[in-house]
Each structure stands twice: as structure tokens, then as C-alpha cells.
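User: I have a sequence and a model open on my screen and would like to talk them through with you. Could we start with a loop and work outwards from there?

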Amino acid sequence: MTKVIINVAVGVIKKNNNVFICKRADEQHQGGLWEFPGGKVEAGESVFQALKRELLEEVGLTIHSSSELITIEHDYGDKCVRLNVHVVSNFNGQAHGAEGQPSEWVGIDELDNYDFPAANVEIISAIKTKYN
Ligand SMILES: Nc1nc2c([nH]c(=O)n2[C@@H]2O[C@H](COP(=O)(O)OP(=O)(O)OP(=O)(O)O)[C@@H](O)[C@H]2O)c(=O)[nH]1
Ligand SMILES: [Mg+2]
């Protein structure tokens, strides 16, 4: 049987050499781990439209543009995801955990000190290659 792939828009919100990360709630998939904010692409949406909607909901930012960083397909066993990862540097607002979730600006070279879902290893390595 063909597996359903969940299409996800993920935003690496970047200011100087820092990125904004959030902690996933315990009851979410991959709960308790840190993430780059974002969420599922709904039917009829582009990745950018989904990113714009999710980043407003989750971190209170209005984004104006984004640039593709990497696309990762990962099978967690219970779920298969396609992470469409974009870097977002052009935004308005003060990033915060708008859903009450813990959040932080962290230096790119500090990302190794945080626990992320397995698929994020490649995202972090792409960020380091591009910006460090
Ligand atoms: N947002 C986000 N999701 C990630 C990352 N890495 C990763 O594997 N995922 C996976 O992507 C999937 C969808 O993301 P999500 O849970 O944020 O989706 P959402 O905001 O629409 O949540 P919802 O289902 O509560 O409405 C989850 O299975 C999650 O585990 C990441 O860095 N950021
Ligand atoms: Mg989300």
C-alpha cells in the first residue's frame, strides 16, 4: 500500500546568526522536542501560503517572503512527512510562542544543544552549511 505523505511547511526564522525555535507540546507528534515553527499544508495552499498562516498562528509573525532551503522526506514509522523548509528573514512582529509554547532565539552554532525530531538533523546541517 502506498503511504500517505503529510506535506509540511517549516520556517527557519532567521535574524543575523540566530534562529527562532519552539518546543512541541508533549501530546503532539514528536512531542517535547524542539522544532522550527510551521505546520501542515492544507488543500489548495502553496507552501508559502501555509507558512504565512502557520507562522502568524504559532509565533505571531507576518512574513513577506521566504526562500527554499531543503525538502526532506522522513518516515517516522507512525507518520511519513515531507518537510518543505524555507528560510524567513523578511517579517514583521516580535517572535514569541503565540500558543503558549516555550520558544527561544538561538545561535546557529548552539543548535546542537537542543533535541529535535530525527528529520531535523538534515535541516540543521543545511543551515550550518549555508550560514556558518
Ligand atoms: N513544524 C514542524 N514540524 C516538524 C518539524 N520536524 C518534523 O519532523 N516535523 C513533523 O511535521 C509534522 C507536522 O507538523 P505540525 O505538527 O507542526 O503540524 P500543525 O502545526 O499543522 O499541527 P496540528 O496537527 O496540531 O494542527 C509533525 O508530524 C511533526 O512531527 C519541525 O521542525 N517543525
Ligand atoms: Mg505546527
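**Working through the fold**

Analyst: Let us begin with N16, which sits in the loop between β1 and β2; please keep in mind throughout that this is a predicted model.

User: Is N16 buried or exposed?

Analyst: N16 counts as exposed, because 10 other C-beta atoms lie within 10 Å and the cut-off for an exposed residue is 12 or fewer.

User: And what is its phi?

Analyst: The phi of N16 is near 50°, which is a positive value in a residue other than glycine. The hairpin that N16 belongs to is made of β1 and β2, with two residues between the strands.

User: How do β1 and β2 pair?

Analyst: They pair in the antiparallel sense over two bridges, and K14 stands opposite V19 in β2.

User: Which other strands does β1 pair with?

Analyst: β1 runs parallel to β7, to which nine bridges join it, and in that pairing G11 stands opposite H86 of β7. β1 also pairs with β4 in the antiparallel sense, over three bridges, where A9 has G39 as its bridge partner.

User: What about β6, which strand is it joined to?

Analyst: Strand β6, residues 67-75, is joined to β7 by eight bridges, and the two run antiparallel. In that pairing H74 stands opposite V81 of β7, and the β6 and β7 hairpin has four residues between the strands, with G77 taking a positive phi near 95°.

User: Stepping back, how many helices and strands does the protein have?

Analyst: There are two helices and nine strands, and along the sequence they follow the pattern β-β-β-β-α-β-β-β-β-β-α. The radius of gyration is 14 Å, close to the 14 Å that the globule rule gives for 132 residues, so the protein is as compact as a globular protein of that length.

User: What does the C-alpha trace span?

Analyst: Along the principal axes of the protein, the C-alpha trace spans about 45 × 35 × 30 Å. Of the contacts with a separation of 6 or more, 69% are between residues 24 or more positions apart.

User: Now the inside. What share of the residues is buried, and which residues touch the most others in the largest nonpolar core?

Analyst: Buried residues make up 32% of the 132 residues. The largest nonpolar core has 29 residues, and those touching the most other members are A9, V12, I13, L61 and V88. At least two residues of this core come from each of β1, β2, α1, β7 and α2.

User: Pick V12 from that list. What is it in contact with?

Analyst: If neighbours within four places in sequence are left aside, V12 is in contact with V19, F36, L69, V85, V87, V88 and I127.

User: Then S66, where is that?

Analyst: S66 is in the loop between β5 and β6, and it counts as buried because it has 23 C-beta neighbours inside 10 Å, where the cut-off is 20 or more. Apart from neighbours within four places in sequence, S66 is in contact with G11, F48, L51, H86, V87 and V88. S66 and V85 are 19 residues apart in sequence, and their C-alpha atoms are 9.5 Å apart in space.

User: There is another serine I keep looking at, S125. Buried or exposed?

Analyst: S125, which lies in helix α2, counts as exposed because it has 12 C-beta neighbours inside 10 Å. From S125 to D112 the distance is 9.9 Å, C-alpha to C-alpha, although the two are 13 residues apart in sequence.

User: Last topic, the ligand. How many residues surround ligand 1, and which are the closest?

Analyst: Ligand 1 is surrounded by 19 residues, of which the closest are Q30, E35, G38, G39 and K40. By class this shell has nine nonpolar, six polar and four charged residues, and β1, β4 and β7 each supply at least two residues of it.

User: Where does Q30 lie, then?

Analyst: Q30 lies in the loop between β2 and β3, and its phi is near 60°, again a positive value in a residue other than glycine. With 18 C-beta neighbours inside 10 Å, Q30 counts as partly exposed.

Methods
Residues numbered from 1 in each chain as written. Chains lettered and ligands numbered in written order. Predicted model: local features only at pLDDT ≥ 70, side-chain atom pairs only at ≥ 80, totals over all residues. Core = buried A, V, L, I, M, F, W, Y, C linked by C-beta atoms within 7 Å. Contact = placed C-beta atoms within 7 Å. Near = placed C-beta within 6 Å. Nonpolar A, V, L, I, M, F, W, Y, C, P; charged D, E, K, R; others polar. Rg over C-alpha atoms; globule rule 2.2 N^0.38 Å. Pairing = 2+ DSSP bridges.
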